[in-house]
Amino acid sequence: MLDFRLKVFYTVARRLSFTKAAEELFISQPAVTKHIHELEQQLGMALFERIGNKIKITRAGQIMLKHADDIFTSYRHLEYEINQLKHEQGGLLSLGASTTIAQYFIPPVLARFNQRYPEVTASLISGNTEQMEQALLDKTIQLGLIEGRSKNPVLKYVEFAKDEIALIGNVKYDYGEGPLGANELKSIPLLMREQGSGTLEVITDELKRLKLKLTDLQIAMYMGSTESIKSYLHHAPCAAFISLQAVKRELEAGEFKILPVKNFRLVRKFHFIYLQGQQDKLAQLFMRYARQHAGEQAGETDGNFDS
């Protein structure tokens, strides 16, 4: 039913690369070029400008892309509703999750979802909160799961779980006695997530309550993932604000310890995000399932989550 040439165009327009589109679609680059050329002949207008070894989408291509988005959304809804008539739940579900959720929270839920609905082909990409919001705006995913507090007016935010962040250190090192005050916190080398990270966003907001800015702290390094931070902590007398979900194993093994900070308790919310007024039916199914099973996940993580 789906016009393959339209899919080729859509992939090229998203990737802005004939080579990457060919790799994603498992066809040759000349075949991609042929499909695009046939579409351009049919429309009587160029869809892409060739500038050296790069391409740029034309105004006609942008109009084509907008309608292709609508067509593929309609196809997904059609497939879902036909499967409903057959008492099946099938189709493609593209998810995007910010790093902590993708690494530590959603995989068990997604595994159970795939067992419950084997006809659904799900995919998951990850990045920081800003990247996942942009992926949703670009319509490369149908549903995002993020940990930040940002509020884009064209996106809908729906809370589905909570997560606690604490200051974590290596048990081999001395960070001082008792709960740390603001002055003691200033003296500890800290590892932080990169700009654009939802984790950094909520930590920065919470530190403001202690009348602390990032510039007041001794930041040893900004790092692009929680796993990198954990690995660094194994080898240096630093500390880091980390999700308890992410260090559960190390805390139980006695490798890391929680460093109490006076007047600091950070419980953040995880949110589903989707385009306002454009909620995908398979995304709705996953949202219902994930919220129902958030309680089970909480039980596996010592109560750090609730629905």
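Buried residues account for 48% of the 307 residues in the protein. The model is predicted, and the protein contains 11 helices and 11 strands. The C-alpha trace spans about 75 × 50 × 35 Å along its principal axes. The domain assignment divides the protein into domain 1 (4-83), domain 2 (93-161 + 270-295) and domain 3 (162-267).

**Overall organisation**

- Of the contacts between residues at least 6 apart in sequence, 74% join residues at least 24 apart.
- Domain 2 is assigned as two segments, 93-161 and 270-295, while domain 3 is assigned as residues 162-267.
- A distance of 45 Å lies between the C-alpha centres of domain 1 and domain 3.

**The largest pocket**

- The volume of the largest pocket is about 1,400 Å³.
- Its lining comprises 42 residues, and those nearest the centre of the pocket are Tyr10, Arg76, Ser94, Lys139 and Thr140.
- Domain 1 and domain 2 each contribute at least three residues to the lining of the largest pocket.
- At least two lining residues come from each of helix 1 (4-15), helix 2 (18-25), helix 4 (59-85), strand 3 (91-98), strand 4 (120-127), helix 6 (129-137) and strand 11 (266-275).
- Helix 4 is the greatest contributor to the lining of the largest pocket, with 9 residues.
- By class, the lining of the largest pocket consists of 19 nonpolar, 12 polar and 11 charged residues.

**Cavities**

- The structure contains 2 cavities of 30 Å³ or more, and the second largest cavity has a volume of about 40 Å³.
- The residues lining the second largest cavity are Thr100, Arg193, Thr199, Thr226, Ile229, Phe241, Ile242 and Ser243.
- Helix 9 (226-233) and strand 9 (239-243) are the elements that supply two or more residues to the lining of the second largest cavity.
- Strand 9 gives the most to this lining, with 3 residues.
- The lining of the second largest cavity is made up of 3 nonpolar, 4 polar and 1 charged residues.

**The hairpin of strands 1 and 2**

- Strand 1 (residues 48-51) pairs with strand 2 in the antiparallel sense, over 4 bridges.
- The two strands, strand 1 and strand 2, form a hairpin with 2 residues between them.
- Gly52, in the turn of the hairpin, has a positive phi of about 65 degrees.
- Ile51 is placed opposite Lys54 in strand 2.
- In a regular strand, side chains alternate between the two faces of the sheet.

**Non-glycine residues with positive phi**

- Leu16 is not a glycine, yet has a positive phi of about 50 degrees.
- Leu16 is located in the loop between helix 1 and helix 2.
- Because its relative accessibility is 41%, Leu16 counts as partly exposed.
- Lys139 likewise has a positive phi, of about 60 degrees, although it is not a glycine.
- Lys139 is located in the loop between helix 6 and strand 5 (143-146).
- With a relative accessible area of 27%, Lys139 is partly exposed; Lys139 is also among the residues nearest the centre of the largest pocket.

Key: Residues are numbered from 1 along each chain as its sequence is written. This is a predicted model: local features need pLDDT of at least 70, side-chain atom pairs count only at pLDDT 80 or more; totals for chains, interfaces and linings use all residues. Side-chain values use heavy atoms; hydrogens and water are left out. Two strands pair if DSSP finds at least two bridges between them. On a 1 Å grid over the protein atoms alone, a cavity is a set of points where a 1.4 Å probe fits but cannot get out, and a pocket is an open set with protein on both sides within 12 Å along at least five of seven lines; lining residues have an atom within 4 Å of a point. Grid points are joined across faces, edges and corners, and a volume is the space filled by probe spheres set on the points. Ala, Val, Leu, Ile, Met, Phe, Trp, Tyr, Cys and Pro count as nonpolar, Asp, Glu, Lys and Arg as charged, and the others, Gly among them, as polar. Domain bounds come from an automatic or database domain assignment. Buried means under 20% relative accessible area, exposed over 50%, partly exposed in between (1.4 Å probe, protein chains only). Contact means heavy atoms within 4.5 Å.
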